[in-house]
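Take a look at the model below. We will walk through it step by step, starting with charged side chains.

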Amino acid sequence: MIELTTDQLFLLPFLGHFALVAGLYVWLTWERQTALRKGEIKASAFVNANADPERSKRVARNLSNQFELPVFALFAAAIIYQSGRIEEIDIAAAWLFLVGRLIHTVVQTLTTDVPLRGMVFMINFIAVVVLMGRVAQGVFL
């Protein structure tokens, strides 16, 4: 069995987030190309935001979400990693962040259940608050 270092355990969820984003780009491209082939939309419609058909619109919106709250998680991760003082709570928060992002993506792209999406968002929010709290702790304490 492969034994991961503390650094690897901490950074792996953020690499996982990158893989999620890359996968969303592929999925969005697939959805758009499929819509074009089926004649559901003309290529010129993509000049305007929110012109996507419903299926690709949800994927596009989720892709945009990957650059909103996660920016703070990535900022915190860089500061924590640079400090050289990664603790178990940091690793747990990083994994919670990734799990929350994955669940959020499934709910946002495959359902229209906005209340559920809001509840799932709290997973990410809690993880980011913990990570930013650890940054603040490292800076001020």
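Which side chains meet in a salt bridge with 2.6 Å from N to O? They are those of Asp90 and Arg134. A salt bridge here is a side-chain nitrogen of Lys or Arg within 4 Å of a carboxyl oxygen of Asp or Glu. Asp90 sits in helix H4 and Arg134 in helix H5, so this pair ties together parts that are 44 residues apart in sequence. Helices are DSSP runs (H or I, at least four residues), numbered from the N terminus.

A word on the source. This is a predicted model, where local features need pLDDT of at least 70 and side-chain atom pairs count only at pLDDT 80 or more, while totals for chains, interfaces and linings use all residues. Residues are numbered from 1 along each chain as its sequence is written, and side-chain values use heavy atoms, leaving out hydrogens and water.

Back to Arg134. Arg134 also forms a salt bridge with Glu87, with the closest N and O atoms 3.6 Å apart. Glu87 lies in the loop between H3 and helix H4 (88-110), 47 residues away from Arg134. Arg134 counts as buried because its relative accessibility is 15%. Glu87 is partly exposed, because its relative accessible area is 42%. The cut-offs are simple: buried means under 20% relative accessible area, exposed over 50%, and partly exposed in between (1.4 Å probe, protein chains only).

Now turn to another salt bridge. Glu54 pairs with Arg58, and their closest N and O atoms are 3.7 Å apart. The two are four residues apart in helix H2, so about one helical turn separates them. Glu54 is partly exposed at 46% relative accessibility, whereas Arg58 is buried at 19%. The count of salt bridges comes to six.

Next, see how helices pack. Helix H3 (residues 70-83) packs against helix H5 (residues 114-140) at an angle of about 35°, with axes 9 Å apart. Axes are lines fitted to C-alpha atoms over the stretch in contact, and angles run from 0 to 180 degrees between N-to-C directions. Residues of H3, including Phe72 and Ile79, meet residues of H5, among them Val128 and Arg134.

Finally, is Gln66 buried or exposed? Gln66 is buried, because its relative accessibility is 1%. Gln66 lies in the loop between helix H2 (54-65) and H3. Leaving aside neighbours within four places in sequence, its contacts (heavy atoms within 4.5 Å) include His17, Leu24 and Arg101.
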